[in-house]
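Take a look at the chain shown here.

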Amino acid sequence: MELFDLIKAIILGFVEGMTEFAPVSSTGHMIIVDDLWLKTQEFLGSGSANTFKIVVQLGSILAVVVVMWKRMLSLVGLYKIEGQTTSRKFNLGHVIVGIIPAGIFGVLFEDFIDENLFSTKTVIIGLILGAILMIFADKVAPKRPTVKSLDDLTYGKAFRVGLIQCLSLWPGFSRSGATISGGVLLGLDHKTASDFTFIMAVPIMAGASSISLLKNWDQINADHFSFYAIGFISAFVFALISIKFFLKLISRVKLVPFAIYRLILAAILIVVLYL
């Protein structure tokens, strides 16, 4: 694999790591950058290129584990969060009920998504619809959130956030955009909704990556492994830089500024592609 091809892996890792936690769709941004500029399908093949866009997100997810390691260990009983009581404790059950809907729909529609939705045109639709949901969430959400920490989250609300997360199966809609919006509409504050989003992403992305790798294994040759590895490391490093910044930012600016960015980006793409 040539040097510039490996630089492309770093670029896509940068795009993934810097956009994974913002509600702007990291997958959508990778598809845009790849379709309009890098064109990795030309040397990876379509199956391997699409799989890379899923697997590279594991780098960002590893950053979540590193940053939120105390909370992650508490889910399996290996760490006690200060102030937690038996009656008010965020646990693995909340994560499981939250990921069930997207897990089921993801398995059922994975082939359709891979074959039909990994394009800039479909991302534009996702950007616009996701922006509308985010603006709606900020305008309609309760003025005084009732869930101000993960330990206040009920199983019912975790499941309903998980249902809304299914919208993010459409590339460009954004997993964090869908779940943070859903959480805010259900009474979570922006920080708690973001925390829950990132924790749910760990098993979801691990499962999605495993399925995509198994499905497209015959299209991934040994030369691709270095591309995957560099993209993974790049995403991890840049995600570490961005995650703490985003968690502070989302509490201050809410969702509307990100929605405006999405609409501007969609407008630019429409001009580039159709005018």
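**The cavity and its lining**

H11 supplies three residues to the lining of the largest cavity, the most of any contributor. Keep in mind that this model is predicted.

- The structure holds one cavity of 30 Å³ or more.
- The volume of the largest cavity is about 40 Å³.
- Its lining consists of Glu20, Phe21, Ile61, Val64, Arg175, Ser176, Thr197, Phe198 and Ala201.
- At least two lining residues come from each of helix H5 (57-67), helix H10 (175-185) and H11.

**Nonpolar cores**

- The largest nonpolar core has 53 residues. Within this core, Phe90, Phe196, Phe198, Ile199 and Phe246 touch the most other members.
- Helix H11 (residues 190-215) gives the most to this core, with eight residues.
- Another core, of 15 residues, lies apart from the largest one. Ala9, Val56, Tyr228 and Ala235 are among its members.
- What does Phe246 touch, leaving aside residues up to four places away in sequence? The contacts are Phe21, Ala22, Pro23, Ile180, Ser194, Phe198 and Phe258.

**Annotated spans**

- An unreviewed UniProt entry carries the annotation "transmembrane region" for residues 51-69, 90-109, 121-141, 196-213, 225-243 and 255-274.
- In the model, residues 90-109 are 90% helix and 0% strand. The end C-alpha atoms of this span are 30 Å apart.
- Residues 121-141 are 95% helix and 0% strand. Here the end C-alpha atoms lie 30 Å apart.

**Leu117, in a loop**

- Leu117 sits in the loop between helix H7 (92-116) and helix H8 (120-140).
- Is Leu117 buried or exposed? Leu117 counts as buried because its relative accessibility is 6%, and the cut-off for buried is under 20%.
- Not counting residues up to four places away in sequence, Leu117 touches Phe112, Thr122, Trp170 and Pro171.
- Leu117 and Gly172 are 55 residues apart in sequence. In space, their C-alpha atoms are 9.4 Å apart.

**Thr120, in a helix**

- Thr120 belongs to helix H8.
- Thr120 has a relative accessibility of 4%, so Thr120 counts as buried.
- Which side chain joins that of Thr120 in a polar contact of 3.2 Å? The partner is the side chain of Asp35.

Definitions and conventions
Residues numbered from 1 in each chain as written. Predicted model: local features only at pLDDT ≥ 70, side-chain atom pairs only at ≥ 80, totals over all residues. Heavy atoms only, no water. Helix = DSSP H or I, 4+ residues; strand = E, 2+ residues; numbered from the N terminus. Buried < 20%, exposed > 50% of the residue type's maximum accessible area, 1.4 Å probe, protein only. Contact = heavy atoms within 4.5 Å. Polar contact = N/O pair within 3.5 Å; in protein donor to acceptor, adjacent residues only side chain to side chain. UniProt positions renumbered as here; feature names shortened; annotations may be inferred. Core = buried A, V, L, I, M, F, W, Y, C linked by side-chain atoms within 4.5 Å. 1 Å grid on protein atoms, 1.4 Å probe; cavity = no way out; pocket = protein on both sides within 12 Å on 5 of 7 lines; lining within 4 Å. Points joined across faces, edges and corners; volume = space filled by probe spheres on them.
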